Amino acid sequence: MKTYESSLATRSVAVYCTLAAVTMIWGGTFVAGRFLADSLSPLFAASLRFLLASAALWLFLLVARVPWLRPSARQWLQLALLGFFGIFFYNLCFFYGLQYINASRASLIVALNPAVIGLASWLLFKERLGPTKVLGIAICIAGASLVIVSRHPTLLAGHADAWIGDLLIFGCVLGWGIYSLFCKELNQALGPVRTVTYSIWLGTAMLWVACAVRGEWSVSALVGLGSPQWLSLIYLGVLGSALAYIGYYDGLRKIGATRSGVFIALNPLTAVILGALLLDEQLTLVMCLGGGLILAGIFLCNKPLARVAKKGI
């Protein structure tokens with residue numbers, strides 16, 4: 001029994017560490033996306049990002065020798081739904097939204113993800129959402145908001161068109177909620193690697209079709225990109241999409257949408273820590289307090305897992 005408990009605890013820690021790493025990687029995507037917003041059109045930038053992600057996933061499947069599976073017609077339809085909302089719709093909202101508001105304001109809105117995922121899980125799939133989870137989600141959002149607002153006190157003021165950016169970034173929250181919640185069946189049948197790969201390939205095709213229809217391909221813009229822009233694209237495509245999506249879907253399969261979703265609150269905390277370490281930005285007591293609240297909220301949301309597992313032995 002003790003061996004089983006130790007094994008279960010080890011697996012849980014591994015999942016938590018993976019999800020923490022994934023959301024920390026995503027913390028940098030807003031900065032990279034903002035960097036590209038002035039160099040490429042939103043649709044073209046998103047298309048390039050996921051073209052790189054598709055290539056990275058194809059290479060990963062070959063190197064890891066992951067067996068190919070042929071999805072059924074119903075599964076292809078589900079994968080297309082994931083590709084549309086999680087890749088196509090999400091990235092249009094992401095890149096267009098960053099043309100209206102800065103990365104900090106966008107990350108503040110994205111911090112609502114745990115609440116949206118938790119509420120939708122409860123409404124649609126009857127996932128138990130007890131008072132501890134609700135408290136944990138609320139504390140995560142409060143902590144993330146504290147970190148972001150304390151870093152940029154004036155970001156809530158915005159400007160005349162800021163509401164457009166707010167609405168578009170909230171579209172990211174809705175798209176990601178659908179991508180997180182409607183993958184369970186596919187995750188079990190195909191596995192996270194294939195589910196992510198097929199959905200990204202389909203979403204990438206949608207992006208490039210839209211890019212062609214709108215005539216937003218620009219060879220001159222591509223040639224004119226400098227090293228920082230290319231590094232941003234590689235970061236977004238390989239780390240922020242291909243690898244991070246696999247890690248996130250693996251977490252969804254193992255601990256569920258609500259417990260995985262709260263890790264998204266680590267995004268702003270990561271940005272603050274990286275700013276302090278790499279850019280000599282000031283790390284204030286309020287930021288540290290917000291970071292503590294985020295960690296406490298994640299702990300509260302995931303603590304019931306240990307008790308449930310113990311009762312089942």
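**The whole chain**

Start with everything shown as a cartoon. What you see is a predicted model. How many helices and how many strands does the protein chain have? There are 15 helices and 0 strands. The chain has 313 residues, and 49% of them count as buried. Among contacts with a separation of 6 or more, 91% are between residues 24 or more positions apart.

**Two crossing helices**

Select helix H8, residues 162-181, together with helix H12, residues 227-255. Their axes come within 10 Å and cross at roughly 55°. Angles from 35 to 65 degrees fall between roughly parallel and roughly perpendicular, and H8 and H12 are therefore oblique to each other.

Now show the side chains where the two helices meet. On the H8 side, select Trp176, Tyr179 and Ser180. On the H12 side, select Tyr245, Tyr248, Tyr249 and Leu252. The residues of this contact divide into 6 nonpolar, 1 polar and no charged.

**Aromatic rings**

Arg49 lies over the face of the Phe94 ring, at 5.8 Å from the ring centre.

The whole structure holds 21 aromatic pairs. A pair of aromatic rings is described by the distance of the centres and the angle of the planes.

For one of the pairs, select Trp76 and Tyr198. The ring centres are 5.6 Å apart and the planes are at 45°, so this pair is tilted. Trp76 is in helix H4 (residues 73-97) and Tyr198 is in helix H10 (residues 192-213), so zoom out to see both helices. The two residues are 122 residues apart, and their pair links distant parts of the chain.

**A loop residue**

Go to the loop between helix H3 (42-64) and H4, and select Arg65. Arg65 has a positive phi of about 55° although it is not a glycine. Arg65 has a relative accessible area of 73%; the cut-off for exposed is over 50%, so Arg65 is exposed.

**A buried cysteine**

For the last stop, select Cys301 in helix H15, residues 285-311. Cys301 is buried, with a relative accessible area of 1%. Which residues are in contact with Cys301, leaving aside its neighbours within four places in sequence? Show Lys133, Gly136, Ile137, Arg259 and Val262 to see these contacts. Then select Gly130, which is 171 residues from Cys301 along the chain. The C-alpha atoms of Gly130 and Cys301 are separated by 9.4 Å.

Terms used:
Residues are numbered from 1 along each chain as its sequence is written. This is a predicted model: local features need pLDDT of at least 70, side-chain atom pairs count only at pLDDT 80 or more; totals for chains, interfaces and linings use all residues. Side-chain values use heavy atoms; hydrogens and water are left out. Axes are lines fitted to C-alpha atoms, for helices over the stretch in contact, and angles run from 0 to 180 degrees between N-to-C directions. Helices (H or I, at least four residues) and strands (E, at least two) are DSSP runs, numbered from the N terminus. Angles under 35 degrees count as roughly parallel, over 145 as roughly antiparallel, 65 to 115 as roughly perpendicular and the rest as oblique. Contact means heavy atoms within 4.5 Å. Ala, Val, Leu, Ile, Met, Phe, Trp, Tyr, Cys and Pro count as nonpolar, Asp, Glu, Lys and Arg as charged, and the others, Gly among them, as polar. Rings of Phe, Tyr and Trp (its six-membered ring) pair if their centres lie within 6.5 Å; planes under 30 degrees apart count as stacked, over 60 as edge-to-face and the rest as tilted. A charge sits over a ring if NZ of Lys or CZ of Arg is within 6 Å of the ring centre and within 35 degrees of the ring normal. Buried means under 20% relative accessible area, exposed over 50%, partly exposed in between (1.4 Å probe, protein chains only).
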